[in-house]
Amino acid sequence: MCGIAGFYDTKKNLTDNHFALLRGMEEAIKHRGPDGYGYWLSHDNLMGLVHRRLSIQDQSFNARQPFHSDDNSIVISFNGEIYNHPELSVQFKNEGFVYKSNSDTETLVFAYKKWGIECLKHLNGMFAFALFDTNKKTLFLARDRFGIKPLYFSTQGGIISFASEIKALTTLPFIKKTIIPELISHYLSLMITPAPLTLFKEIYKLPAGWYAISKLDGELNFHQWYSPLSIITQQTTISDEAEAINALDSLLQAAVKRTMLSDRPVGAFLSGGLDSSLIVALMNQSSSNVHTFSVGYESWMQDNELEHAKKVAQLFATKHHEVLLTEQTANAILDKAIFHLDEPHADPVCIPFSCVSELARNNSIPAILIGEGADELFMGYSIYQKYHVFNSIGLSSSQQSFSSNTKKIIAACAAPFIRKNDFYQEIMYNWENDRALFWTGALPFTELQKKQLLTKKMSEFHDPILEKIYPGLLITSDTHSIIEYHRKNLYSKAPNISLEKEMCYLELVHRLPELLLMRADKMSMMHGIETRVPFLDHTIAEFALALPTKLKISWSCTKYLLKKVAERYLPKDIVYRKKQGFSVPLLHWFTKGEYFPARIANTLDTNGPLFSNLDPQKIASNNTQAPTKAVQQWSLLQLSLFEKTL
């Protein structure tokens, strides 16, 4: 795991200080790589690369980056891990490729030499990289299948610049941080700006499963090299439950073993829930030296999972470490997190994630396995279960069965019974107006609430890079325009797809890569450690995407198949205990705390430019349920604190 950055100045707009610019980018992301750094500048000064190193595999000098092929035709700056590096290296050596290191970076270079950019399809891993082909004068930027690793880029100043984090881009004198106010509406719905956009004009994030290519003409072209659409529209050949359990068990064992590939100790974040406990159980099969890390909350036991985690740690004799997070510490972490997140990110789990990442770093464990992806692939959230029930009773299909007038009458009759429930109000509003029922697994503000919060309707937003990547996507103040764009793309390939698979697809498009995985990357790299995601090994993801709904969720059970596999390794009271998630006591902090109430009050009184179209007082006065209101207040707090960094 590392940090990468660089620029491609095909128009020769830069006249001097090229190395100074590279050093500035490197300095901005030094936290991502505490074990070393490197620069490379082409002889004509057009192409520059930066690398910060966190050495996990091959810690020798020979593996340093930017990495050059022996003939200097390929130069690469790479962030991530190639888990099938051992198998590929054997193949390449048998074919005559001569290694000068034991690194997966060199394997990636040989893969490009053998297959060109099609090498992406041969990789099992997580990655973001910038590869420059000196013979073809071609720059490739690539991001892994599910967006585990981030990659930002900009075209400002007529120069293609790129980095693992926005803060490296903004060290360049020609990069300006200009807010796009039209996108604040989507942040309120989705908790982060949807890719390929960021909240800044002409600063973008490459979507998961895409690569960009630029030649000497300086034109950036984009290609989707991997899409879950090709899998999710298929049906698995496995229909027998026992066969499915055995298959998933084998895939999980292999994936966990692959993600433990390291020359340094590997650990796991352990909550004591299903996903992290199963990972630890499988890690225990390959190593007797597993370190586990857990976080709890001082003076607030409701959200604590420490006892559950400790039970699992004792079961598998791990070297267990725990930390108690106080409100005071959370308050201090928040200001640091705002800096490291680069743009507003409304997931409060960033705070405990940072805390437990620091615990791992302090115990010298640089590589950590986490459970992200399991809920999205195997339908683990309770909200998925609600939609599954809605779908089972025909709510989705009935949108086309009733006339517009009939739906209005039904909605009016239902209104008195759901007036105190924002979730059901939004469902009924979408049903009545033929809009998508499901948008995301986490929706802080409904469109109905945003109509009250936003003081004026925002204008349509057009962007040339957005048009290249998602042609025809029209950004308006209504987030439904984004959801509907991706739904239409799905239904054009699979008109009869189930609502459950639609939900999974939408989560893979936005929430998983841009919210959850971005959170994991930024908060772990903030402390110089890497997180690995075995559930997003593409063999497991593709298996899960093709599964029939009945093997994943029912009215009474979420993650059905995964729980059946877990029964082989874990006590049933762990497998089937009520899902708690990586929760945060926001409501307690906001109402009983010593630090956060004042910060929330300041947010409600703000009048900065990001709030020029918002009325925060509407949050304080609405009838939203207290836990939801706390998340809404947190979202606005992030916006307020972010504004102060501009």
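Modeller: What follows is a set of questions and answers on this predicted model.

Biologist: Is serine 189 buried or exposed?

Modeller: Serine 189 belongs to helix α5, which covers residues 184-190. Its relative accessibility is 0%, and because buried means under 20%, serine 189 counts as buried.

Biologist: Which residue's side chain does the side chain of serine 189 join in a polar contact?

Modeller: Leaving out residues up to four places away in sequence, serine 189 touches several residues, including Thr440, Pro444, Lys450 and Thr479. The polar contact between side chains has a length of 3.2 Å, and the partner of serine 189 in this pair is threonine 479.

Biologist: How does lysine 30 count by its relative accessibility, and where is its place?

Modeller: Lysine 30 sits in the loop that runs between α1 (18-28) and β2 (37-41). Its relative accessibility is 40%, and because that value lies between the 20% and 50% limits, lysine 30 counts as partly exposed.

Biologist: With which side chain does the side chain of lysine 30 make a polar contact?

Modeller: Glutamate 507 is 477 residues away along the chain, and its C-alpha atom is separated from that of lysine 30 by 31 Å. The polar contact, at 2.7 Å, is instead with the side chain of glutamate 27.

Biologist: How many of the nine residues of helix α20 are buried?

Modeller: Helix α20, residues 538-546, is mostly covered, and its buried residues pack against α6, α7, α12, α19 and α21. Among those buried are His538, Ile540 and Phe543, and the number for the helix is seven.

Methods. Residues numbered from 1 in each chain as written. Predicted model: local features only at pLDDT ≥ 70, side-chain atom pairs only at ≥ 80, totals over all residues. Heavy atoms only, no water. Helix = DSSP H or I, 4+ residues; strand = E, 2+ residues; numbered from the N terminus. Buried < 20%, exposed > 50% of the residue type's maximum accessible area, 1.4 Å probe, protein only. Polar contact = N/O pair within 3.5 Å; in protein donor to acceptor, adjacent residues only side chain to side chain. Contact = heavy atoms within 4.5 Å.
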